[in-house]
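Here are my notes on the model you sent over. Have it open in your viewer while you read.

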Amino acid sequence: MSTSLYGVIALVETAIGLLLVARLAIGPTISDRIVALNTLSTQATLAVLFFAAFADRAIYLDVALWLASFSYLGAIVWARYLERGLL
Amino acid sequence: MKTIIFIVLASIGLAFSLSGAVGILRMPDLYSRIQCSSKTVTMGALPALVALVVGEGIDSSYASRALLVAVLLLVVNPAASHALARAAYKAGVPMWQGAVRDEVVERKEQQKAKERARRPDDGGGEG
């Protein structure tokens, strides 16, 4: 497996994330921004995973794992704030 | 052979991620955007992670982390989407103009009508 393919995939995931940054900027309500941020964190997780395979550094995998677990915690906390008005 | 499987899985994942991102950008409504967001995870992220597992081999350190991330996304993403949609509905985010039906409002009106029909009977029975 050529490692440059991993780098291409990481770049494409980052470019997809830029579309989500546009929604994050123009989202009319706060919920739109939360949805965009949630999806953006998934794309960032994938990009970090493929960049770890591209750069051949297994330590970056833990960054991706952390990102995948804590971004959803953040989304659930935001949802709770929207629903009840307190954190 | 391994390269072909890797390329097919990765392009499926990238295509679904791209379509989900375009959907989040173009959909008229928050609830449609939430639906696009969960499609991005289930059909976009999972094939890409399986592609990483295929490319690096099942016994590498990449494969274990990728499968762990896949299980995490599968478990937590529906819960987060559901919590977000529910919180947005309760916070009063409007639906799209062309939305066909709102079952929560219909159910509440049915319950209200049922209580209104029952209340005179109860009052008469007690009195």
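This is a predicted model: local features need pLDDT of at least 70, side-chain atom pairs count only at pLDDT 80 or more; totals for chains, interfaces and linings use all residues.

1. Residues are numbered from 1 along each chain as its sequence is written, with chains lettered from A and ligands numbered from 1 in the order in which they are written.

2. On the interface, 42 residues of chain B are in contact with 36 residues of chain A (contact is C-beta atoms, placed from the backbone, within 7 Å). On chain B's side, α1 (2-26), α2 (30-56) and α3 (61-90) each give two or more residues, and α3(B) gives the most, with 17 residues. Helices here are DSSP runs of H or I, at least four residues, numbered from the N terminus.

3. Take a look along α3(B). This helix bends by about 30° at B:V76, with a proline, B:P78, following within four residues; the bend is the angle between axes fitted to the seven residues ending there and the seven starting there. Just after α3(B), B:G92 has a positive phi of about 85°.

4. Which residues have the most contacts inside the largest nonpolar core? They are A:L49, A:F50, B:L52 and B:L84, in a core of 53 residues. Such a core joins buried Ala, Val, Leu, Ile, Met, Phe, Trp, Tyr and Cys residues through C-beta atoms within 7 Å, buried meaning 20 or more other C-beta atoms within 10 Å of a residue's own. The largest share, 12 residues, comes from α2(A).

Notes
Two residues are in contact if their C-beta atoms, placed from the backbone, lie within 7 Å. A residue is buried if 20 or more other C-beta atoms lie within 10 Å of its own, exposed if 12 or fewer, and partly exposed in between; C-beta atoms are placed from the backbone.
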